[in-house]
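This report describes the fold of one chain and the way it meets its partner. Please consult the sequence and the structure shown below while reading.

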Amino acid sequence: MKDWQKYLLALAVVVAIFAIPFVVNGSAKFGGADMAGSAAIEQQQPGYQRWVVPLWTPPPETESMLFALQAAIGGSIIGYFVGHERARMEMERKGAKKAE
Amino acid sequence: MHIMEGFLPPFWAAFWYALCIPFWIWGALQVKKIFKEHPEQKLILAVSGAFIFVLSSLKLPSVTGSSSHPTGTGLSAMLFGFSVTAILSTIVLVFQALLLAHGGITTLGADVFSMGIVGPAVGYYTYRVLRGLKVSLPMTAFVVAVLADWATYLVTSLQLALAFPGDNLMHAYMVFAGVFAITQIPIAIGEGILIWMFFDFLLKSRPKLIHQLLGMKTQAGAGQKQAEAGA
């Protein structure tokens with residue numbers, strides 16, 4: 001199997017892992033586990049009041065933008081690296097051919 | 001695994017901060033050393049950090065009907081160890097605490113301890129064991145990433161149970177682990193596959209550098225010439 005076929009298959013499995021929940025558990029709300037954690041605190045110790053609130057809470061639209069920005073920053077670096085490496089390998093292959 | 005701002009009582013907030021301090025110091029020294037002595041590793045360090053950035057920003061659905069995010073720390077843990085990973089995770093967690101109100105400054109110590117230290121440490125020692133067993137490196141990267149992710153959430157559960165034990169610590173742990181542990185399994189596996197793919201690519205593009213990072217001698221044979229030319 002070629003590398004790209006292997007990677008494509010792996011990606012398909014990843015997509016399936018995150019798509020299956022909607023099939024088997026379609027009616028669920030898919031709320032954040034972090035929030036559920038805070039709710040469990042209430043269950044363990046009813047009436048617990050947080051003693052500090054966040055300095056700043058972004059409005060929902062800004063929050064999704066910032067999450068996307070975080071992913072974009074990381075994704076850009078990974079994309080840059082993969083492109084850089086592929087070009088380097090390509091050039092080396094060409095260089096090696098010339099040397100022959 | 002983010003414990004929300006103000007949700008850990010002051011004692012526990014301070015406790016987890018205190019445990020992080022030695023790792024922050026050691027990690028900062030390690031990062032400084034990489035920049036000074038091994039500039040060729042900088043790009044790999046940046047990519048390892050980038051994985052933490054991307055993966056920890058994705059809130060993924062799980063079969064349990066709730067969403068949670070991967071940690072992305074496995075790659076860095078395997079290549080650079082857990083102190084360096086603590087630094088990279090701290091950068092991400094500060095970004096999320098200040099800009100996204102996700103996690104918090106009072107809970108930063110606890111969040112760094114679970115995601116940046118214990119998870120990656122479990123990953124790192126898993127790597128050592130699997131290397132001893134001669135498991136292939138990409139497969140090792142998969143297992144490391146899965147366990148680093150999962151362990152992080154088990155630690156978060158423990159941190160919450162210790163702070164809110166109720167009548168029975170074990171019961172409290174079960175309550176919090178009930179929120180995180182099962183939800184996290186498919187997410188950790190998905191993350192593991194992505195890191196497996198990337199590690200497979202990395203081994204082809206930079207075999208020599210990866211073996212240098214892992215403290216292994218490059219095996220003679222196919223690919224080595226290319227690696228030397230590239231490094």
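Which residue of β2(B) does A:Gly31 stand opposite? In this predicted model, A:Gly31 stands opposite B:Ser66. The strands involved are β1 of chain A, residues 31-32, and β2(B), which pair in the parallel sense over 2 bridges.

Chain A contains 3 helices and 1 strand, arranged from the N terminus as α-β-α-α. Its radius of gyration is 23 Å, whereas the globule rule gives 13 Å for 100 residues; chain A is therefore more spread out than a compact globule. Along the principal axes, the C-alpha atoms of chain A fill a box of roughly 75 × 40 × 25 Å. Of the 100 residues in chain A, 10% are buried.

Helix α3 of chain A covers residues 60-99. At 1.5 Å a residue, its 40 residues should span 58 Å, and because the end C-alpha atoms are 58 Å apart, the two values agree. The buried residues of α3(A) are A:Phe67, A:Gln70, A:Gly74 and A:Phe81. Their cover includes α2 (42-55) and α4 (82-99) of chain B.

The contact between the chains takes 51 residues from chain A and 52 residues from chain B. On the side of chain B that touches chain A, the elements giving two or more residues are α2, β1 (60-61), β2 (66-68), α4, α7 (169-205) and α9 (224-230). Of these, α7(B) gives the most, with 14 residues. The composition of this side of chain B by class is as follows.

| Class, chain B side | Count |
|---|---|
| Nonpolar | 34 residues |
| Polar | 16 residues |

How values were computed
Residues are numbered from 1 along each chain as its sequence is written. Chains are lettered from A and ligands numbered from 1 in the order in which they are written. This is a predicted model: local features need pLDDT of at least 70, side-chain atom pairs count only at pLDDT 80 or more; totals for chains, interfaces and linings use all residues. Helices (H or I, at least four residues) and strands (E, at least two) are DSSP runs, numbered from the N terminus. The radius of gyration is taken over C-alpha atoms; the globule rule is 2.2 Å times the number of residues to the power 0.38. A residue is buried if 20 or more other C-beta atoms lie within 10 Å of its own, exposed if 12 or fewer, and partly exposed in between; C-beta atoms are placed from the backbone. The expected span of a helix is 1.5 Å times one less than its number of residues. Two residues are in contact if their C-beta atoms, placed from the backbone, lie within 7 Å. Ala, Val, Leu, Ile, Met, Phe, Trp, Tyr, Cys and Pro count as nonpolar, Asp, Glu, Lys and Arg as charged, and the others, Gly among them, as polar. Two strands pair if DSSP finds at least two bridges between them.
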